[in-house]
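Work through the exercises below with the sequence and the structure at hand. Each task is followed by a stepwise solution.

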Amino acid sequence: MEERKWFKEMSMYQIWPRSFKDGNGDGIGDLKGVMSKLDYIKSLGVDAIWFSPLYVSPQADYGYDIADYCDINPEYGTLDEFKEVLKAAHERGMKVIMDLVINHTSDQHEWFKKSVKREEPFTDFYIWRDGKGKNGKKPPNNWMSTFPGSAWEYVPERGQYYLHLYAKEQPDLNHDNPTVREYIKKVMRFWLDMGVDGFREDVITQISKAEGLPNGFPLMPASRGMEHYNNGPHIHEYLKEYRQVLKDYDAFQVGEAPLLTPEKALTYVEGDDKELDMCIGFQHMEADCILIGWVKTPFSLKKLKKVYDKWQTMLYHKGWNANYLENHDQPRTISRYGSEKYRVESGKALAIMYSFLSGTQFVYQGQEIGMTCPYFDKYPEGTDPWAQFEDVSTFCVRDLMRKFGFSQKHILKVAHTAARDCARTPVQWTAGENAGFSEAKPWYAVNPNYTEVNVEAAEKDEGSLLHFYRKVIALRKQYKDAAVYGRFELHLKNDPHLFVYDKIADDGSKLTVVLNVSDKAVPCKKFAKYIPEGAQEILSVYDNASFAAVTKPYEGKVYYTPTK
Ligand code: NOJ
């Protein structure tokens with residue numbers, strides 16, 4: 001029997017603060033804006049909010065470059081305002097999870113500035129090395145950053161290179177240094193003592209680098225060297241140490257883990273001495289691309305089912321999943337796995353698809369109203385197409401793709417479902433000016449479809465995706481024995497359009513999910529035998545409609561069968 005835990009049953013709402021809601025009229029999302037929408041968030045039926053970084057940051061990577069771990073970015077508000085939001089969220093029965101970005105800091109962090117000057121105890125807080133070659137002019141090894149380019153930056157003042165696995169403004173902390181680990185633990189306690197309920201830990205499986213920093217496999221154009229720092233030699237030791245901090249609190253940890261397989265995930269989340277409660281993996285986000293999202297392939301439901309099957313089966317009764325479809329790094333899924341033409345229907349099918357899988361559920365701001373990706377190849381003549389982007393990684397990938405000979409037209413076209421910018425457009429609250437996000441010009445362009453796709457319109461429409469999400473979240477709880485804790489059984493593995501699965505509770509009751517994840521008319525006789533006789537229909541993409549001879553686009557239903 002699966003151990004019951006509050007965080008397992010949770011549906012969590014992710015806020016990327018800059019684009020959530022502006023409360024002070026400067027065009028940038030902030031804590032005042034969050035406060036004004038807490039009742040809305042609660043109305044979704046979610047149990048927690050995860051804040052993408054709110055901390056002081058020069059915003060080179062929009063908050064993932066932290067200059068002060070213990071204060072709020074003035075653009076977003078103050079620490080007192082954060083405490084008010086925390087209190088108000090708790091009063092509404094919602095937990096609050098902070099992003100903990102400790103693989104790297106900002107180059108504007110005091111620790112880094114002092115490290116440059118070799119001031120103790122900060123001298124070895126980062127990964128500094130002498131250059132190679134004649135006069136030390138070459139970087140210490142051939143590693144490439146994830147945002148392509150060398151992973152090394154030279155600082156004349158110190159006469160050495162520092163390692164940065166992400167942007168050059170994000171120097172990697174040296175977790176091999178015990179003092180660094182003590183400082184990080186202090187940061188964790190700072191937030192836990194304030195009352196936050198846990199952490200989402202950024203690229204946490206990359207904090208331990210191989211001794212001697214050996215050269216990486218030469219052909220990789222980005223993240224070269226990853227085999228020497230992904231799940232590195234001391235990772236389990238360091239995570240166990242950080243885990244100790246949580247022992248004094250009823251808090252939880254979800255760790256982001258690039259290139260994670262279920263086998264590897266178990267090394268972090270299995271057993272009594274587990275290091276994380278769950279991992280954020282990426283395999284299920286690669287059903288329409290290869291590794292990095294910019295190498296596109298047609299969406300393959302078969303590929304997606306295979307991934308879900310493996311994760312659901314291998315972690316059953318052993319570990320725990322983090323189920324998400326969108327976040328601030330993932331372009332909107334309706335544009336990727338669903339259909340913009342059948343925006344609401346495909347949004348509903350995708351909502352069903354992942355909400356009844358075992359694991360903690362994550363919903364990203366705007367996902368619940370079916371926000372889609374903007375089109376970057378449709379820009380006013382005579383304007384600079386690159387002015388439409390804000391994300392550091394978009395520019396890096398663009399430069400890399402240019403080197404490989406891709407045309408501007410191609411890059412802009414691919415960006416529609418590849419650029420992280422797609423997930424970062426302001427939340428569309430109303431059909432009014434600036435989509436009701438702000439009274440001022442928003443820091444980032446609103447998707448032009450806001451006149452149709454917005455919270456206000458969705459509230460008024462009983463058939464909207466928003467109301468559907470509320471239902472799905474409630475049903476996931478109501479049927480949690482099967483939905484959250486049940487055993488997954490996949491049918492029709494090789495069907496390219498149908499996603500049919502059972503979730504079977506310990507007492508034998510079960511949920512049956514039948515979905516056509518395509519716009520094709522699929523003969524219903526293909527799946528009829530999987531719908532148990534006498535099963536009760538509890539949810540349907542199309543209201544008041546039974547399956548006909550063939551499916552409608554993205555048609556789907558969920559059935560409940562009680563214990564015999
Ligand atoms: C993962 C975060 O989700 C992403 O937004 C960020 O750019 C990198 N880690 C680096 O912190």
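In this predicted model, a polar side-chain atom of Asp61 comes to 2.5 Å from an oxygen atom of the ligand.

**Exercise 1.** Describe the shell of residues around the ligand.

Solution. 
- Step 1: The ligand is surrounded by 14 residues.
- Step 2: Asp61, His104, Asp202, His328 and Asp329 are the closest.
- Step 3: By class, the shell has 7 charged, 4 nonpolar and 3 polar residues.

**Exercise 2.** Classify the packing of helix 11 and helix 15.

Solution. 
- Step 1: Helix 11 spans residues 343–355 and helix 15 spans residues 465–478.
- Step 2: Their axes are 10 Å apart, at an angle of about 15°.
- Step 3: Angles under 35 degrees count as roughly parallel, so helix 11 and helix 15 are roughly parallel to each other.
- Step 4: The crossing of helix 11 and helix 15 is right-handed.

**Exercise 3.** Locate the cis peptide bond and the non-glycine residue with positive phi.

Solution. 
- Step 1: Most peptide bonds are trans, and most residues other than glycine have a negative phi.
- Step 2: Glu120 and Pro121 are joined by a cis peptide bond, with omega about 5°.
- Step 3: Pro121 sits in the loop between helix 5 (110–116) and strand 6 (128–129).
- Step 4: Asn135, not a glycine, has a positive phi of about 60°; Asn135 lies in the loop between strand 6 and strand 7 (152–155).

Terms used
Residues are numbered from 1 along each chain as its sequence is written. This is a predicted model: local features need pLDDT of at least 70, side-chain atom pairs count only at pLDDT 80 or more; totals for chains, interfaces and linings use all residues. Side-chain values use heavy atoms; hydrogens and water are left out. A residue is near a molecule or strand if one of its heavy atoms lies within 4 Å of it. A polar contact is a pair of N or O atoms within 3.5 Å; within protein, one must be able to donate a hydrogen and the other to accept it, and residues adjacent in sequence count only if both atoms are side-chain atoms. Ala, Val, Leu, Ile, Met, Phe, Trp, Tyr, Cys and Pro count as nonpolar, Asp, Glu, Lys and Arg as charged, and the others, Gly among them, as polar. Axes are lines fitted to C-alpha atoms, for helices over the stretch in contact, and angles run from 0 to 180 degrees between N-to-C directions. Helices (H or I, at least four residues) and strands (E, at least two) are DSSP runs, numbered from the N terminus. Angles under 35 degrees count as roughly parallel, over 145 as roughly antiparallel, 65 to 115 as roughly perpendicular and the rest as oblique. A crossing is left-handed if the near helix is turned anticlockwise from the far one by less than a right angle, and right-handed if clockwise.
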